[in-house]
Amino acid sequence: MSKVEILQVGPYPEWDQIPLDAAFIAHRYFEAQDKAAFLAKVGPQIRAIATRGELGANADMIAACPKLELISVYGVGYDAVDLNAARARGIRVTNTPDVLTNDVADLGVAMMLAHSRGMIGAEAWVRDGSWAAKGLYPLKHRVWGKRAGVLGLGRIGFEVAKRLAGFDMDIAYSDIAAKDYASQWEFVADATALAARSDFLFVTLAASAATRHIVNKNVIAALGPQGMLINISRASNIDESALLDALESGALGSAALDVFEGEPALNPRFLALPNVMLQPHHASGTFETRKAMGALVRDNLMAHFAGKALLTPVL
Ligand code: 8YV
């Protein structure tokens, strides 16, 4: 039987590329110089798109593939996939939930600890000789026992809260409604009220048009000059220009961010700020998790073309 032709939006590690190429003819969109011409040429043969969370599949890409049946996303977030365009044509969509939950939660908590305790600066203090030349490193802020807010208590938010409980933090969360599995934590419906009672505010919401800029100027102001905002979700959940203004003015104490508008070309204003910790959208970036994500992308593709049920369907 001839191999199914798929569109591969971004690169994958070699351990994913080899089995993908063995099973499919993968047309590499990311290598094409003229994307529109490439789509016009290969689009008519494409029956599936393999993409990544942050790359998704837009309406033009979907429209260029009239035989498209499935979009398989390497990532839990599928906000970059035009779901309306997919839904309108009955195109199935899958993502990679669960396998990355713990790593993403780990990175969020690690950023809180590292940034609050000044670990990046402390490391430089040792390496550049400041310890010997200037003496003790400046004091930093405690984490344990402080107030934490989790905005979005889905899989990742729940794992963040579980970890924070290990630091004896006073935990509250916001979501569309109180969760029956979270009675040990306080439910605060309003994001601004959650921020007002938090020293650390974690943004762990699945991004959609409805959550765009849910962390707005008021939420940021409520978190305040002593507060830290930690984002391990999507940049669109935060009003980034309000965030930059608040970080520059001191209206917000600090931020630890794994995601940015227009990444990887982030706003250069971030780079000039001493009170931010910046990560390169790396929360799921461990060998173990990325291998599991790659396998799930392929397993969904294989299941579909074998006429079996999708493992992790979104649509
Ligand atoms: C990326 C992510 O997909 O899970 C998500 O939604 O954003 C990430 O895991 C990852 O950077 C791989 O491209």
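The model is predicted, so local features need pLDDT of at least 70 and side-chain atom pairs count only at pLDDT 80 or more, while totals for chains, interfaces and linings use all residues. Residues are numbered from 1 along each chain as its sequence is written, and side-chain values use heavy atoms, with hydrogens and water left out.

We begin with the interior. A nonpolar core is a set of buried Ala, Val, Leu, Ile, Met, Phe, Trp, Tyr and Cys residues joined through side-chain atoms within 4.5 Å. Buried means under 20% relative accessible area, exposed means over 50%, and partly exposed lies in between (1.4 Å probe, protein chains only). The largest nonpolar core has 43 residues, and Ile6, Met112, Val160, Leu164 and Leu301 have the most contacts inside it. Helix α5 (residues 101–116) gives the most to this core, namely seven residues. Helices (H or I, at least four residues) and strands (E, at least two) are DSSP runs, numbered from the N terminus. Leu164 touches Val109, Met112, Ala148, Val150, Met169, Ile171 and Phe202, not counting residues up to four places away in sequence; contact here means heavy atoms within 4.5 Å. A second, separate core has 27 residues, among them Ala195, Ile238, Ala242 and Phe260.

Next come the charged side chains. A salt bridge is a side-chain nitrogen of Lys or Arg within 4 Å of a carboxyl oxygen of Asp or Glu. The whole structure contains 17 salt bridges. In one of them, Arg147 pairs with Asp199, and the closest N and O atoms are 3.1 Å apart. This pair links distant parts of the chain, 52 residues apart: Arg147 is in strand β6 (residues 147–151), and Asp199 is in the loop between α9 (191–196) and β9 (200–203). Arg147 is partly exposed because its relative accessible area is 32%, whereas Asp199, at 15%, is buried. Glu54 forms a salt bridge with Arg52, with 3.0 Å between the closest N and O atoms. Asp106, Glu159, Lys162 and Arg163 are linked in a network of salt bridges.

Last is the surface. Val126, Trp131 and Leu136 form a nonpolar patch there, with about 390 Å² of accessible area together. Patches are made of residues with over 30% relative accessible area and no salt bridge; like charges are joined within 9 Å, and nonpolar side chains (Val, Leu, Ile, Met, Phe, Trp, Tyr) within 5 Å. Accessible areas come from the Shrake-Rupley method with a 1.4 Å probe, and for residues only the protein chains shown count as cover. Val126 lies in helix α6 (residues 119–127) and counts as partly exposed because its relative accessibility is 49%.
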